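Me: Got a model open here and want to go through it with you. Can we start with the aromatic residues?

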Amino acid sequence: MKTTIIILIVLAVVAFGAYFIFSNNNSYQAPKNTIQTAAELQPSAVSDIAVSIKGFAFSPLNLSVKVGTKVTWTNNDSAPHTVTSDSGTLLNSPTLSPGQSYSVTFTTPGTVNYHCTIHPMMRGTVTVTN
Ligand code: CO
């Protein structure tokens, strides 16, 4: 009888110990999961957009972007070109030789019409929205 009681007490202590370790492991993993979830929920950066200048044309011709987007024009043509606002100076690239790029980050909503000063028939539009 005494032996049975001792065995039961030992089993109870072992079971309690096992439960304590198990629940400790669980509470240790919880913060890890929280950190991973927070990382996954971090807002991603606004995607950058590329515009190709080729065949004496801007491609895409008409572009819609969100505020904060960086647009990069790259001259993939054999001739020099510019990226120049019809009015104002938001887009005001130097003459881009073949292979050269020009980037602008759009911070204000609105529509920007632009052209190439060397070939005024080359035209494009960027529409910026919130
Ligand atoms: Co041009």
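Me: Are Phe58 and Tyr114 buried or exposed?
Reply: Both Phe58 and Tyr114 are buried. Bear in mind that this is a predicted model.

Me: How many aromatic pairs are there?
Reply: The count is 4 aromatic pairs. In one of them, the ring centres of Phe58 and Tyr114 lie 4.7 Å apart with the planes at 70 degrees, so this pair is edge-to-face. Phe58 belongs to strand β2 (residues 58-59) and Tyr114 to strand β7 (residues 110-115), so the pair ties together parts 56 residues apart in sequence.

Me: Which residues do the ring pairs link into a cluster?
Reply: Phe58, Trp73, Tyr102, Phe106 and Tyr114.

Me: Tyr102 is in β6, residues 101-105. Which way do the side chains point there?
Reply: They alternate along β6.

Me: How does strand β4 run relative to β6, parallel or antiparallel?
Reply: Antiparallel, with 5 bridges joining β4 (residues 70-75) to β6. Val71 has Val104 as its bridge partner in β6.

Me: Switching to the metal. Which protein atoms are the donors of the cobalt ion?
Reply: ND1 of His81, SG of Cys116, ND1 of His119 and SD of Met122, at 1.9 to 2.5 Å from the cobalt ion. Along the chain the donors follow the spacing H-x34-C-x2-H-x2-M.

Me: What is the arrangement around the cobalt ion?
Reply: Tetrahedral, because the 4 donor atoms subtend angles of 89 to 133 degrees and the cut-off asks for all angles between 85 and 135 degrees. The ideal angle for four tetrahedral donors is 109.5 degrees.

Me: And is Met122 buried or exposed?
Reply: Met122 is buried, at 1% relative accessibility. His119 is buried too, with a relative accessible area of 13%.

Me: What about the chain overall, which elements does it have?
Reply: The protein chain has 1 helix and 8 strands. From the N terminus on, the order is α-β-β-β-β-β-β-β-β. Of its 130 residues, 25% are buried. Among contacts between residues at least 6 apart in sequence, 47% join residues at least 24 apart.

Me: Where does pLDDT stay under 50?
Reply: Over residues 32-44, which have 0 contacts beyond four places in sequence in the model. Where pLDDT is low, the predicted coordinates should not be read in detail. The protein chain averages a pLDDT of 81, and 65% of the residues score at least 70.

Terms used. Residues numbered from 1 in each chain as written. Predicted model: local features only at pLDDT ≥ 70, side-chain atom pairs only at ≥ 80, totals over all residues. Heavy atoms only, no water. pLDDT = per-residue confidence, 0-100. Contact = heavy atoms within 4.5 Å. Donors = N, O, S within 2.8 Å, 3.2 Å for Na, K, Ca; no water. Tetrahedral: all angles 85-135°; square planar, octahedral: opposite > 155°, others 65-115°. Buried < 20%, exposed > 50% of the residue type's maximum accessible area, 1.4 Å probe, protein only. Helix = DSSP H or I, 4+ residues; strand = E, 2+ residues; numbered from the N terminus. Pairing = 2+ DSSP bridges. Phe/Tyr/Trp six-rings, centres within 6.5 Å; stacked < 30°, edge-to-face > 60°.
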